[in-house]
Amino acid sequence: MPPGLDGQSSVASQRVADTLRKQILSGDLAPGARIMQEDVAASLGSSRLPVREALRILEAEGLVVLKPNSGAWVSKLDLVECQAIYKLRERVEPLALSESMPNLTSDDMARLDEIQHEIETNHDVDRFLSLDRELHLITYSGCRIDQLLTMVRRFWNTTQHYRRAYANLVDPTGYELVNFEHRLIIEAIKRGDPTDAERFLAGHIRRTRLALSRHPEVFTD
């Protein structure tokens with residue numbers, strides 16, 4: 001427990017972090033937005049200490065940037081930074097997937113099918129983003145390398161806004177391709193083929209990176 005935080009304060013910090021995390025991932029707090037500690041404390045009926053600790057938690061998750069003598073800001077990427085993260089994802093996430101596959105359960109497989117079925121019948125961008133995140137993070141959930149999982153979740157957090165912007169640009173044909181790639185990954189997992197699973201996943205991530213590079217307006221205010 002961080003110095004100065006008792007159990008009650010720690011719970012309060014997690015509650016504040018959960019609220020801010022949801023606002024950032026949903027787009028209610030946009031990249032580059034300033035987070036005023038006193039406003040957060042007042043809106044949540046909290047003191048400033050849990051808010052400060054919550055912001056440290058979110059900084060570690062890649063969602064917030066803390067600037068000395070300035071305050072807290074929602075993380076923001078430019079095109080070059082986003083492209084770099086996607087290139088890292090193309091290499092890191094296939095490794096997480098192959099490490100995870102031997103430990104995935106039949107319940108995990110069933111849930112993947114359920115999620116993908118809902119994705120294919122869904123027409124709401126925010127719901128798609130939530131389902132897509134859940135699907136991919138389940139495929140990595142069997143990985144026993146904690147540092148790798150931490151890295152993966154951080155990358156997903158910092159690129160969330162840009163995936164939302166991209167999802168709003170995709171036409172029906174693009175979503176059909178997403179579904180096809182998801183099915184290829186799921187089927188490779190089911191048959192225990194890490195080579196194909198890694199290859200399909202890397203291509204899936206790469207295609208989004210290349211598509212984002214064609215839309216630099218996504219990275220402008």
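This is a predicted model: local features need pLDDT of at least 70, side-chain atom pairs count only at pLDDT 80 or more; totals for chains, interfaces and linings use all residues.
**The largest pocket**

- Three helices, α5 (106-121), α6 (125-140) and α8 (172-190), each contribute at least two residues to the lining of the largest pocket.
- The greatest contribution to this lining comes from α8, which provides four residues.
- The residues that line the largest pocket are Ile-119, Glu-120, Asn-122, His-123, Asp-124, Val-125, Phe-128, Pro-172, Tyr-175, Glu-176 and Asn-179.
- Sorted by class, the lining of the largest pocket comprises five nonpolar residues, together with three polar and three charged ones.

**The second largest pocket**

- For the second largest pocket, the helices that each supply at least two lining residues are α1 (7-26), α6 and α7 (146-167).
- Here it is α6 that gives the most to the lining, again with a stated count of four residues.
- Lining the second largest pocket are Lys-22, Leu-25, Ser-26, Asp-126, Leu-129, Ser-130, Arg-133, Gln-160 and Arg-164.
- By class, four charged residues, three polar residues and two nonpolar residues make up the lining of the second largest pocket.

**A helix named for both pockets**

- Helix α6 supplies at least two residues to the lining of the largest pocket, and α6 also supplies at least two residues to the lining of the second largest pocket.

Notes:
Residues are numbered from 1 along each chain as its sequence is written. Side-chain values use heavy atoms; hydrogens and water are left out. On a 1 Å grid over the protein atoms alone, a cavity is a set of points where a 1.4 Å probe fits but cannot get out, and a pocket is an open set with protein on both sides within 12 Å along at least five of seven lines; lining residues have an atom within 4 Å of a point. Ala, Val, Leu, Ile, Met, Phe, Trp, Tyr, Cys and Pro count as nonpolar, Asp, Glu, Lys and Arg as charged, and the others, Gly among them, as polar.
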